[in-house]
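Trainee: Before we discuss this chain, may I see the sequence and the model side by side?

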Amino acid sequence: MRRGYLYSHAKELGCNKIALGHHFDDVIETILMGMFYGGKVETMMPKLHSKNFEGMELIRPMYLIREADVKAWRDYNGLRFIQCACRFTENCADRDEEQNSKREEMKELIAQLREKSEFIEMNIFRSVHNVNLKTIIGYHKDGKKYSFLDDYDERQEDADKGYVTQ
């Protein structure tokens, strides 16, 4: 199901929210895919307002739930899930093989890293929560690009005056 159709149909039904089933592991994998293959640091947001459908909000209620816990709950309750329409998910009817393999690649990489540190997933997750803009080369917000050079001289002047900048 395409997102636009989902939004318009929900709107017709009088809904103001759409809940998607993305879970914690999806979030971590998406962060890494964005970094490795998109050249950007970003994440799935747990909730956001629709830009194209006024009054509609997208929520991800399973944002902090581990995939293994979702599967355990599914198995405990004898349920079968329908296949996801997400372009990165395995076993989709019209899946993009290259995109699918990238998500699987991230799952395997995370599993390897977990062998070295049990905190790896949480540290990846925290990395998008603990961004220090003064140590970032560049970022964009509201359609405007910012560079560390924008206030480079002012930060040095503050340091010379004894102000702490990190």
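**Charged pairs, rings and strands**

Trainee: Which residues are linked in a network of salt bridges?

Mentor: This is a predicted model, in which local features need pLDDT of at least 70 and side-chain atom pairs count only at pLDDT 80 or more, whereas totals for chains, interfaces and linings use all residues. Residues are numbered from 1 along each chain as its sequence is written, and side-chain values use heavy atoms, with hydrogens and water left out. A salt bridge is a side-chain nitrogen of Lys or Arg within 4 Å of a carboxyl oxygen of Asp or Glu. The residues linked in this network are Asp 26, Glu 29, Glu 67, Lys 71, Arg 103 and Lys 107.

Trainee: How many residues apart are Glu 29 and Lys 107?

Mentor: Glu 29 and Lys 107 form a salt bridge whose closest N and O atoms are 2.9 Å apart. Helices are DSSP runs of H or I with at least four residues, strands are runs of E with at least two, and both are numbered from the N terminus. With Glu 29 in helix α2 and Lys 107 in helix α4 (residues 97–116), the pair links distant parts of the chain, 78 residues apart.

Trainee: Is Asp 25 buried or exposed?

Mentor: Asp 25 forms a salt bridge with Arg 66, with 3.0 Å between the closest N and O atoms. Asp 25 belongs to helix α2 and Arg 66 to the loop between β3 and α3 (67–76), so this pair ties together parts 41 residues apart in sequence. Arg 66 is partly exposed, at 29% relative accessible area. Buried means under 20% relative accessible area, exposed over 50% and partly exposed in between (1.4 Å probe, protein chains only); at 14% relative accessibility, Asp 25 is therefore buried.

Trainee: What kind of aromatic pair do Tyr 7 and Phe 53 form?

Mentor: Rings of Phe, Tyr and Trp (its six-membered ring) pair if their centres lie within 6.5 Å; planes under 30 degrees apart count as stacked, over 60 as edge-to-face and the rest as tilted. By this rule there are 5 aromatic pairs. Tyr 7 and Phe 53 lie 5.2 Å centre to centre with 5° between the planes, which makes their pair stacked.

Trainee: Which rings are linked into a cluster?

Mentor: The rings of Phe 24 and Phe 125 have centres 5.1 Å apart and planes at 50°, so their pair is tilted. Phe 24 lies in helix α2 and Phe 125 in helix α5 (residues 120–127), so the contact ties together parts 101 residues apart in sequence. Both Phe 24 and Phe 125 are buried. The cluster linked by ring pairs consists of Phe 24, Tyr 63 and Phe 125.

Trainee: What is the order of the strands in the open sheet?

Mentor: Two strands pair if DSSP finds at least two bridges between them. Strand β1 and strand β3 (residues 57–59) run parallel and are joined by 3 bridges, with Lys 17 opposite Glu 57. The open sheet has 3 strands with mixed pairing, in the order β1-β3-β2.

Trainee: Which residue takes a positive phi in the hairpin of β4 and β5?

Mentor: Strands β4 (residues 138–141) and β5 (residues 144–147) run antiparallel and are joined by 4 bridges. Tyr 139 has Tyr 146 as its bridge partner in β5. The hairpin has 2 residues between the strands, and the positive phi, near 50°, is that of Asp 142.
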